[in-house]
Amino acid sequence: MSADTAQRPVLVVDFGAQYAQLIARRVREAGVYSEIVPHTVTAADIAEKNPVALILSGGPSSVYEEGAPALDGDIFDLGVPTLGICYGFQVMARALGGEVANTGLREYGATDAALSGDGGVLLGGQPDTQNVWMSHGDQVAKAPEGFEVLASTADTPVAAFGSAEKGFYGVQWHPEVKHSDHGQEVIENFLHKAAGLAADWNSGNVIEEQVARIREQVGSARVISALSGGVDSAVSTALVHKAIGDQLTAVFVDHGLLRKGEREQVEQDYVASTGVRLITVDAADTFLGHLKGVSDPEQKRKIIGREFIRAFEKVQLDLVAEAKAEGEPIKFLVQGTLYPDVVESGGGTGTANIKSHHNVGGLPEDLDFELIEPLRTLFKDEVRQIGRDLGLPEAIVGRQPFPGPGLGIRIVGEVTADRLEILREADAIAREELTKAGLDSEIWQCPVVLLADVRSVGVQGDGRTYGHPIVLRPVSSEDAMTADWTRLPYDVLSKISNRITNSVRDVNRVVLDVTSKPPGTIEWE
Ligand code: XMP
C-alpha cells in the first residue's frame with residue numbers, strides 16, 4: 001500500500017510529543033526512509049515491519065508520571081540498532097538497567113553539553129562543547145551496564161550514552177530541532193555509522209514505485225481527481241496521470257474565490273506541463289449568489305463547502321455516465337492525502353476517510369469510489385520535490401498553503417464580486433513583492449485580508465477618502481498548528497503598502513498583523 005513494502009524503514013516510535021514527525025523528516029533528509037509508529041506497538045509488530053533501525057521520540061517530561069507512555073521491553077531484544085531521544089532516552093535507560101532519577105529539576109531550552117571522552121560514534125569529531133536544546137524533568141543518573149557516557153551537562157551527568165556493541169545510543173537533548181547545533185549530524189551518525197545505513201532514499205524513487213503501483217491498482221478502469229490548484233492535488237493528479245494517462249479526468253471547480261491568475265495557472269500551465277484531461281466547472285456566479293448577504297464566517301464556509309460538493313457531483317454524474325457508455329466505469333478517486341494527515345488521523349493502515357477539513361470543504365463522503373492516495377507516505381517538502389521532478393510549474397509546486405474556501409474567508413464581511421476584485425489585486429501585489437524580495441521560503445504563508453466592514457478616513461490625491469484597510473498577515477510556521485508573525489523587512493512592507501494604496505481602488509490603508517498563533521489563527525475569516 002505504501003513505500004514500506006518495498007523498503008525496510010527506520011521506525012520512529014511516537015511517545016506522544018510533537019517531535020515524532022520532525023524526527024521522521026530529519027531521517028529522510030539523511031536519505032533513509034522512515035515511518036512513525038505509536039508507542040503501543042509490540043515487539044512482534046516491530047519484528048513484522050522488519051525495520052533497519054528504531055528511534056524513540058521525546059514525550060512527557062517524566063517516566064514517573066502517572067500514565068506515562070511505556071514501551072514493550074522485548075523490543076530491545078530484537079537486535080535492531082536504536083536511538084533514544086529525550087523521553088525515549090530515559091525509557092531506554094530504564095529498560096536496560098540504568099537509573100533515571102526523579103529529580104523534579106527541569107532543564108529547558110538552550111544548554112551546553114560537553115563531550116565525555118571522544119564522544120563515540122554518535123558525537124565523535126564534534127566540538128568539546130555544543131549548544132543543544134533540552135526539555136526534560138528527570139535525568140539519567142546512571143547509564144546501563146556496558147554503556148559509555150558520551151556527554152554531560154552542568155545538571156545532567158549522563159546526557160548521552162552508547163553501546164557500540166549493541167548499536168544502542170541515546171541523547172537527552174533534541175537533535176531534531178534546528179536549535180541543537182550538531183543535531184542533524186547526531187542523527188546521521190546514528191543512521192550511517194552506528195546502524196550502517198546508506199543514504200539511498202529520495203523522493204525520486206517514489207515516482208517509479210507509485211506509477212507501477214497505481215497501474216496495478218487501476219487496471220483499465222477510469223479515475224477522477226479534483227484539482228484545487230494547491231500543491232497536494234496538483235502533484236497527486238500529475239503522478240496518477242503519468243501512470244494511466246487519459247484514463248484520468250481532472251475536475252477543477254472555479255468557485256470565483258480564487259486568487260489572481262490561479263485559474264489560468266491550472267488551465268494553461270498545469271495542463272501544458274502534464275497533458276492531463278481537464279474539465280473546469282464555472283461556478284462563480286452560483287457561489288456568489290449563495291453567499292449574497294452572508295457575513296458570518298462559519299456560514300460562509302458551510303455554503304462554500306456545500307456548493308463545492310454540488311458542483312463536483314454534477315460533473316461526476318456526467319463523467320460516470322460517459323464512462324459507463326464507453327464500457328469502463330469510473331472506480332477511483334485521487335486524493336492528495338499527505339503523511340501528516342495519516343499520522344494525525346491516528347494511523348497508517350486501512351483506507352483513509354476523505355478529509356473534510358481540507359480542500360474546498362471536502363468532497364462528498366458517500367462517493368462510491370476507491371481512493372488512490374499516492375502521497376500518503378510523504379511530507380510536504382517531498383511532495384514539492386516530486387512535483388518538480390514531474391515537471392510541474394514552480395508557481396504551482398512552490399505555492400504556499402491556501403485555504404479551500406479561498407478568498408471567501410479573507411474578506412471580513414459579505415463576499416461580493418466587487419470586493420473580491422479589490423482583494424485579488426491587493427493580494428497579487430503582496431505576493432509579487434514577497435517573491436521579488438526572495439522571501440517565499442521564509443514565510444509559511446501571507447494571507448492578505450480585506451476588512452470590508454471597516455472604513456477609515458484617508459487623504460489621497462486632492463481629497464479625503466473613506467476607504468477600507470488591507471491587512472497583511474505574514475506568518476512563519478512548521479505545520480500551521482502554531483505560528484509566529486514573520487519579521488518582514490521594512491522596505492518590503494513599505495513597497496507593498498505603497499503599491500496597494502496607490503493602485504487598488506477603495507483601499508487607503510495597509511496594516512500589519514503582529515499576532516502569533518495562538519492566540520490568533522492564521523486566517524482572519
Ligand atoms: P488557521 O486559520 O486555523 O489556519 O490558523 C491553519 C492553516 O489551515 C489553512 N486553512 C484551511 N485550509 N481549508 C483548507 O484547505 C480550510 O477551510 C482552511 N481554513 C484554514 C490556513 O490557510 C492555514 O494554513
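The protein is divided into domain 1 (10-194), domain 2 (203-397) and domain 3 (417-512), with bounds that come from an automatic or database domain assignment. The model is predicted, so local features need pLDDT of at least 70 and side-chain atom pairs count only at pLDDT 80 or more, whereas totals for chains, interfaces and linings use all residues. Residues are numbered from 1 along each chain as its sequence is written, and side-chain values use heavy atoms, with hydrogens and water left out.

**View A. The interface of domain 1 and domain 2**. The C-alpha centres of domain 1 and domain 2 lie 39 Å apart. In this interface, 8 residues of domain 1 are in contact with 9 residues of domain 2 (contact: heavy atoms within 4.5 Å). About 730 Å² is buried between domain 1 and domain 2, 48% of it on carbon and sulfur atoms; buried area is the accessible area (1.4 Å probe) that two parts lose on being put together, summed over both.

**View B. Polar links and the domain 1 side of the interface**. Across the interface of domain 1 and domain 2, the rule finds 1 salt bridge (a side-chain nitrogen of Lys or Arg within 4 Å of a carboxyl oxygen of Asp or Glu). A salt bridge is formed by E382 with R28, with the closest N and O atoms 2.7 Å apart. On the side of domain 1 that touches domain 2, α1 (19-29) and β2 (34-38) each supply at least two residues. Helices (H or I, at least four residues) and strands (E, at least two) are DSSP runs, numbered from the N terminus. The largest share of that side, 5 residues, comes from α1. By class, the side of domain 1 that touches domain 2 has 3 nonpolar, 1 polar and 4 charged residues; Ala, Val, Leu, Ile, Met, Phe, Trp, Tyr, Cys and Pro count as nonpolar, Asp, Glu, Lys and Arg as charged, and the others, Gly among them, as polar.

**View C. T249 in strand β13**. Strand β13 spans residues 248-254 and includes T249. T249 is buried because its relative accessible area is 5%; buried means under 20%, exposed over 50%, and partly exposed in between (1.4 Å probe, protein chains only). Residues up to four places away in sequence aside, T249 touches V223, I224, S225, R277, I279 and L319. The side chains of T249 and R277 make a polar contact (3.0 Å). A distance of 6.0 Å separates the C-alpha atoms of T249 and L278, which are 29 residues apart along the chain.

**View D. S57 in the loop between β3 and β4**. The loop holding S57 runs between β3 (53-56) and β4 (82-85). With a relative accessible area of 0%, S57 is buried. Not counting residues up to four places away in sequence, its contacts include V13, F15, I23 and Y87.

**View E. Positive phi values at N50 and C86**. N50, which is not a glycine, has a positive phi of about 50 degrees. N50 is found in the loop between α2 (43-49) and β3 and counts as partly exposed at 38% relative accessibility. For C86, phi is near 55 degrees. C86 is found in the loop between β4 and α3 (87-95) and counts as buried at 3% relative accessibility.

Note on methods. A polar contact is a pair of N or O atoms within 3.5 Å; within protein, one must be able to donate a hydrogen and the other to accept it, and residues adjacent in sequence count only if both atoms are side-chain atoms.
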